[in-house]
Structures are given as C-alpha cells and as structure tokens.
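Let's take a friendly walk through a protein structure together. Keep the picture open beside you and look up each residue as we reach it.

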Amino acid sequence: MKINAYGKINLTLDVVGRREDGYHLLDTVMQTISVWDELEIQHSRQPGVHLQCNRESLPTDSKNTAFRAAKFFLEDRGLQNEGVYIFIKKHIPSRSGMGGGSADAAAVLRGLNEMYETKLSAEKLMELGAKVGADVPFCVIGGAARCTGTGAQVEPIAPMPECWLVVCKPPTGMSTPRAYALLDQYPLSSIQATPRMLEAMAVGSLKRIGRSLANRFDETLRMAPVRALKRAMTDAGALGAMMTGSGSSVYGIFETEQRAREAMEQMVGMGKIFLAKPCAGI
C-alpha cells in the first residue's frame, strides 16, 4: 500500500517546564500542512522490519522512527514473526522542524493498522506513537491541535481558516538535541503565547493568527537565516511569519495564492521552498 506522511508547523511553541528526567514540558499549537513524504508498505517474506529510503543520509535501522513504529506495532499485535518492507521517499527536509520523522512513523502505524486489518482506534495508535516520539501522536490524527506535556498529549481544535503557506528550509539546519541544549541556557517561556493563539483559532481570524505566532526556540536560537526569511516573508505581505519546531524552517501565512507565489519568487536562493495549505485531520 501507499500512504502519505504529512508534515506540520508549530503556530506557537511555549516551553513551560522541565521534568527531573530532563524532558521539557511544552504547550504548543500544531497544524498539519500539505507537504508530505511518500511511503510504500508491503509484506515481506523475511520476518522483521526492512526499511529503505531515497535519502542516503537517513538511518534505516532502529534509529529511524518509521522502523521503530513498525517494530512496536508488530510486537504489540503479537506479529513478531511477520515481515514488513517499508520504502520512504522523502520530501520533507531533515532538521527542519516540520516533523518529517514523526509523520513517517505515524503513517506506518496507520498503514499497518489497515494492512493487517487490526482495527485499532486512533487513541491506541497514538499510544503506540508516543513510544516512538513526542510528535507522533499528533501526526497520527493530524489537523490542528494543542499539544502539552512532552507534546504527546493531544487536544484537537478547529483548524486554520483557508489560506496559503510558504515554507522555506534554509541551508542551515538544527538538530533537536542541540536546540534544546541551547534553550536550556535561557529561562522558560515567561509570556505564554498558546492561550492567545487558541482564541485566534477559535474565531477563525487569519490576521489574529498571524499576530499570535510565537516560538520559544526562535526567541533563543536567533539564527540569522531564520531572521532573514521572516523579514522576506513579512516584506512580501505575510500576515505573520515564524520558525517551526526547533528549526530551522520558516513559514509565512498568506491570504491569497498570488501573494504566496510572489513571496516565493523573492526568496529564490534562500533555501528549499514549499507552497502549502493547512490540512484537516482524520
């Protein structure tokens, strides 16, 4: 079977605490977008999980989130002797803050649930996804949601209104562990942005959403390419522009496709550029 794995953006990302085990506590609003990886999943004659990817730099063993998702699924369903082959055609950039690895893992869980006709609920798939990574539960259901705790506690909300998104991944990337290490040099979020964003989403105002964008990583990392992209997008008429996740992709919100495409023309040479729209969940 073939299945798409959709990426996401963070409309807000507050860091509100740290647990004793070192994990950070988040309060974030995430939105699925129409940028995706393509996955092909099929039975294999050889037991176990077998994974290949068109991006040679990515691991194809237990270091890969999609691999781990398949392994956890088979173990949970008592299918350890089954064989699964997964091929991932990547489009979502690595180290971009767009959740590509989490999206791949979530797509594997949904795909295997269908392939083996196990009829697991979305809640059960999210529970399995939480073993793989904090963003996987959100990616299982997609749409728009407030995610709290380590990010794995997901509360669906009304999605963004109709709009166009320009997303640009600059050549400079940022690994999540490095981003959190840098973040730890600063205090926790003092003014939390998520409650204000929830109000803007509830009334469906694009302008209020654009004014309410925030990301604690953007505030602390202060990456020069990110600042340049945000300026370029706002100069091109974006209602708001922000870095997503722990970086380094930047997105801008536009009311019309024409404005979005004009912005893309102005950012040629600044990185890998995508034209996208918000997506509904399952």
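Is Glu 75 buried, partly exposed or exposed? Before we answer, please keep in mind that this is a predicted model. You can find Glu 75 in helix α1, which covers residues 65–76. With a relative accessible area of 37%, Glu 75 is partly exposed. The label follows from the cut-offs, because buried means under 20%, exposed means over 50%, and partly exposed is what lies in between. Now look for the start of the chain. Met 1 and Glu 75 are 74 residues apart along the chain, and their C-alpha atoms are separated by 21 Å.

Next, let's look at some rings. The model has 3 aromatic pairs. One of them joins Tyr 6 and Trp 36, with 5.4 Å from centre to centre and 55 degrees between the planes, which makes the pair tilted. Tyr 6 belongs to strand β1 (residues 2–18) and Trp 36 to strand β2 (residues 24–43), so this pair ties together parts that are 30 residues apart in sequence. How accessible are the two partners? Tyr 6 is partly exposed, with a relative accessible area of 32%. Trp 36 is partly exposed too, at 33%.

Find Phe 72: the charged end of Lys 131 sits over its ring, 6.0 Å from the centre. Then move to Trp 164, where the charged end of Lys 277 sits over the ring at 4.5 Å from the centre.

Now turn to helix α2, which runs through residues 100–115 and so has 16 residues. From its first C-alpha to its last, α2 reaches 22 Å, close to the 22 Å expected at 1.5 Å a residue. Is this helix mostly enclosed or mostly open? Of its 16 residues, 13 are buried, so α2 is largely enclosed by the rest of the structure.

At 64% relative accessibility, Glu 117 counts as exposed.

Let's move on to a sheet. Here 4 strands form an open sheet in the order β9-β10-β7-β11, with antiparallel pairing. Which strands lie at the edges? They are β9 (240–243) and β11 (272–276), each of which pairs on one side only. From one strand to the next, the twist averages 20 degrees. Take a look at β9 and its partner β10 (residues 250–254): the two pair in the antiparallel sense over 4 bridges. Within this region, Gly 240 stands opposite Ile 253 in β10.

Helices join the sheet as well. Helix α9 (residues 224–235) packs on the sheet, touching β7 (164–169), β9 and β10, and its direction makes about 10 degrees with that of β10. Helix α10 (residues 257–266) lies across β7, β10 and β11, and runs at about 180 degrees to β11.

Between β9 and β10 there is a loop, and Ser 248 lies in it. Look at the peptide bond from Gly 247 to Ser 248: this bond is cis, with omega near 10 degrees.

Our last stop is Leu 221, in helix α8 (residues 216–221). Leu 221 is buried, with a relative accessible area of 13%. Which residues does Leu 221 touch, leaving out those up to four places away in sequence? They are Met 174, Ala 179, Leu 182, Met 243 and Ser 246. Ala 179 is 42 residues from Leu 221 along the chain, yet their C-alpha atoms are separated by 7.3 Å.

Finally, Arg 222 is found in the loop between α8 and α9. Its phi is near 50 degrees, a positive value in a residue other than glycine. Whereas Leu 221 is buried, Arg 222 is exposed, with a relative accessible area of 53%.

Conventions
Residues numbered from 1 in each chain as written. Predicted model: local features only at pLDDT ≥ 70, side-chain atom pairs only at ≥ 80, totals over all residues. Heavy atoms only, no water. Phe/Tyr/Trp six-rings, centres within 6.5 Å; stacked < 30°, edge-to-face > 60°. Buried < 20%, exposed > 50% of the residue type's maximum accessible area, 1.4 Å probe, protein only. Lys NZ or Arg CZ within 6 Å of the ring centre and 35° of its normal. Expected span 1.5 Å × (residues − 1). Pairing = 2+ DSSP bridges. Axes fitted to C-alpha atoms, helices over the stretch in contact; angles between N-to-C directions. Contact = heavy atoms within 4.5 Å.
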